[in-house]
Every structure is written in structure tokens, then in C-alpha cells.
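Q: Please take a close look at a single part of this model and walk me through it in one connected account. I have the sequence and the structure open.

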Amino acid sequence: MNTTVRLTERSGSTSSQRSKGFVPVVVYGAGSDSQSFTADAKTLNEILGKNPRAILKVELPDSGSKNVVIQEVQRQPLSRKLLHVDLHQIDMKAELDTKVAFHFTGDPAGVKSGGIQQVELYELDIRTLPDKLTATFEVDISGLDVGDQLLVSDLPKHEGWEVLTPEDTLIVRIAPPVAQEPADAEADEPAASEASAEQKTEE
């Protein structure tokens, strides 16, 4: 947790704040009432780009620093401009339910032989202490061959994590290559049709 975000009191309309490079932020949780602030949009975008599940330290006006996680992000659908961020205050000594993104490593053997990698799950639901969180969960899939699949139950154990995603959930599989019609067969079809047409003409 080496990122500190300074929050400021809201002043003026939301649109005017956004035009100045700030984004509305709400901080709640840990037994505290919800509080509304603004934060530098560029700083938040950089954090979201590196690790959207990171634990942050926020500096609140007249309230000191708090530990938070990014709970919800709202963006403009087309421009992807940041519109609003919810920050959930946490207790560093209490477990929290969160998600961690998979980072697949290795080139699957099945893909090398023509198979198709199909990812069905991108994040894992876990319960853990804040200091046990990581940016991603690295999973080696180099050993997967055509027809193989990886389930949550196949994942290596991670110290300090309780996995909440059902064990039978499919993460990734290597599908067989897409069957293609032989070129000769496609070429024979028009010829067969022409022969049939000629026979009907003679009759």
C-alpha cells in the first residue's frame, strides 16, 4: 500500500469539478457514515490501470488517513471518462471479500497444436486479510492440451486465501481446432450440381 490519494471537499457543481480534472468520490464502510469528496481523476485512472483491487490510503480533510479499496467505478460509456468512484473503508485486521484477477502464464501445449484457448473466468472471489492481497493470481496453463480444462479446484493453494468461487467453476479450456471442409469437396459440389442439371435437360 504505497499509493496515497488526497481527497478534497466538494465545491461547485459536479460538471464544473469534472471540467477541472476532479471526479466525485464517496467513502463509506467500517462503521462510518458515507462521506462525499472529490479526487484527482488522473491519479485514480493511473491506479485503476495498474491494479483496480489495490488497497489505498486516502487523506480526508480534517479526518486523517484511512485505508480503502475501490468498490465501484462509473465511466461514460463511449469516452470511458471517469464519472464517479466509490471507496470502501476497511479494517486492516479484518478479513474482506474481494476479487483477484487471473494472469495466465505459459503457452498451452494444445494451442501450439492448433487448439483454441477459451477463457470462461477472469477473476476469483476470495476472502482474506488486506495485507494478503496481490494484484493478480498467476496461473501456469502451459500444460493444458487439446480437450483439457482448468477448474477452480485445480488451482494451487494460496496462503491466507479462502476461495469463495465454487470449486467446479470452469476457468479455461482448450477446445479442439475448428473443423474445415476439404477444398476438393467444395470444388466437387458445383460440378455435381451441373451434372444433375444436364441430366434433367436431357430428360
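A: His88 lies in strand 7, residues 82-89 (helices, H or I of at least four residues, and strands, E of at least two, are DSSP runs numbered from the N terminus). The model is predicted, with local features needing pLDDT of at least 70 and side-chain atom pairs pLDDT 80 or more, while totals for chains, interfaces and linings use all residues. Residues are numbered from 1 along each chain as its sequence is written, and side-chain values use heavy atoms, without hydrogens or water.

Let us begin with His88. With a relative accessibility of 26%, His88 counts as partly exposed (buried is under 20%, exposed over 50%, partly exposed in between, with a 1.4 Å probe and protein chains only). Leaving aside residues up to four places away in sequence, His88 touches Tyr28, Gly29, Asn67, Val68, Val69 and Gln71 (a contact is heavy atoms within 4.5 Å). Ala30 is 58 residues from His88 in sequence, yet their C-alpha atoms are 8.0 Å apart in space.

The protein chain has four helices and 14 strands. Of its 203 residues, 30% count as buried. Among contacts in the protein chain with a separation of 6 or more, 63% join residues 24 or more positions apart.

Four strands form an open sheet in the order 11-8-10-13, and the pairing is mixed (two strands pair if DSSP finds at least two bridges between them). Strand 11 (136-140) and strand 13 (162-163) are its edge strands, each pairing on one side only. Strand 8, residues 96-105, runs antiparallel to strand 10, residues 123-128, with six bridges between them; Ala101 has Glu123 of strand 10 as its bridge partner. Strand 8 and strand 11, in turn, run parallel and are joined by five bridges. Here Phe104 has Val139 of strand 11 as its bridge partner.

Strand 11 shows two faces: Phe137 and Val139 make up the covered one, and Thr136, Glu138 and Asp140 the uncovered one.

That brings us to the aromatic rings. Rings of Phe, Tyr and Trp (its six-membered ring) pair if their centres lie within 6.5 Å, with planes under 30 degrees apart stacked, over 60 edge-to-face and the rest tilted. The count by this rule is three aromatic pairs. One of them joins Phe102 and Phe104: their ring centres are 5.7 Å apart and their planes at 20 degrees, so this pair is stacked. Phe102, at 10% relative accessibility, counts as buried, whereas Phe104 is partly exposed, with a relative accessible area of 21%.

Phe137 and Trp161 make an edge-to-face pair, 5.2 Å centre to centre and with 80 degrees between the planes. Because Phe137 belongs to strand 11 and Trp161 to the loop between strand 12 (149-151) and strand 13, this pair ties together parts that are 24 residues apart in sequence. Phe137 is buried, its relative accessible area being 7%, and Trp161 also counts as buried, at 11% relative accessibility.

To put the picture together, Phe102, Phe104, Phe137 and Trp161 form one aromatic cluster.
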